[in-house]
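Look at the structure first, then read on.

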Amino acid sequence: MRLGIIGLPQAGKTTIFNALTRGNQPTTMGGGRFEVHTAVVDVPDHRMDGLSTMYRPKKTTYAKVTYADIAGLDGSAGSDGISGQLLNQLTQLDGFLLVVRSFENVSVPHPAGSIDPQRDLETMLAEFMINDLIVVERKLERLDEERKKGGGRDKAVIGREFDLFTRMYETLSSEETLRGLTLNAEEEKIISGYGFLSRKPLLVVLNYGEGDDIPSVNAPAGIRTVGLMGKLEMDIAQLTDEEAQMFFSEYGIEEPGLNRMIQESYDLLGVLSFFTIGDDEVRAWTVRRGATALEAAGMIHTDLQKGFIRAEVIGFEDLMELGGMTEAKNKGRLRVEGKDYLVQDGEIVHVRFNI
């Protein structure tokens, strides 16, 4: 799972990146220059902490998210769209954190001359839609030529593709993102290799200053917005665990805002966590929402999927209440599910199999 941290120059992308990853990348990169930094972080999860305390395993493995700090977007792609390495990077990402500047800093002037979160958000969304529109127009031209030429693919297949890309063209021409376009499984497969930017999951991060009010913007339907004091969170991320705890205690903070941000990032991707437990390892596994027990087994190991017999399942809260798997079995709270069972977030799953 790979999320790109994007935004206009001087929005604080690298500040947010450093906060989320405890990194120390320079925050003064030149605007418009293509550059990428990546880091993998654990997804904070109190349930993993509880399971680890209960089982005291040799190893505790949290779910992961990879962040990529991507510089190079400046809102001026124009009629040619986003080009080169930058576009290649963007299309391969699973989603975006769009950092929108909401802080004043006279030593770091905004390229547009003023702070206007709504303007900046609309600029970035428009850039992605323009780029997608260019791709769709070119595809329609090729399909039209293919349809006229004949002798190649089945005309019915070409016709279905033409209809699909026409719908996409009409959506984008109406200044709407592809994110809200409902597609069936066949249509999803057709466009899967294009990496359309305005269809990717997007979370807007309003980067505001310490002491400022939490800003707000009018985002399109389906796009969540969160506020984060990027500079403060970056400074906290550089502290030792002991120093950070002292800071939280002094100011009455239960947890750093970046923990919430990482969890928001994870949720953005449409995935969930299930757990496996034991003396050797307590581990969080990531699957798409709607995944079956058979698919979950395959995430653990292909042999478990091939020889799947059943899955023994219990929710995290039930397990903690009962005190362990033995107690859950004795009290009949451990459920037995088949391969088509839809795994729920936070469940402990033990797969029985035979190869």
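The side chains of Lys-64 and Asp-42 form a salt bridge, N to O 2.4 Å. A salt bridge here is a side-chain nitrogen of Lys or Arg within 4 Å of a carboxyl oxygen of Asp or Glu. The pair links distant parts of the chain: Lys-64 is in strand 4 (residues 64-71) and Asp-42 in strand 2 (residues 35-42), 22 residues apart. Helices (H or I, at least four residues) and strands (E, at least two) are DSSP runs, numbered from the N terminus.

Lys-64 is partly exposed at 38% relative accessible area. Asp-42 is partly exposed, also at 38%. Buried means under 20% relative accessible area, exposed over 50%, and partly exposed in between (1.4 Å probe, protein chains only).

## Basis of the model

The model is predicted: local features need pLDDT of at least 70, side-chain atom pairs count only at pLDDT 80 or more, and totals for chains, interfaces and linings use all residues. Residues are numbered from 1 along each chain as its sequence is written, and side-chain values use heavy atoms, leaving out hydrogens and water.

## Other salt bridges

The whole structure holds 23 salt bridges. One joins Arg-47 to Asp-45 at 2.9 Å, N to O. Both residues, Arg-47 and Asp-45, are buried.

## Strand 8 and its partner

Strand 8 (residues 271-276) has six of its six residues buried. Strand 8 runs antiparallel to strand 9 (residues 281-288), joined by six bridges. Strands pair if DSSP finds at least two bridges between them. A hairpin of four residues connects strand 8 to strand 9. Thr-276 stands opposite Arg-283 in strand 9.
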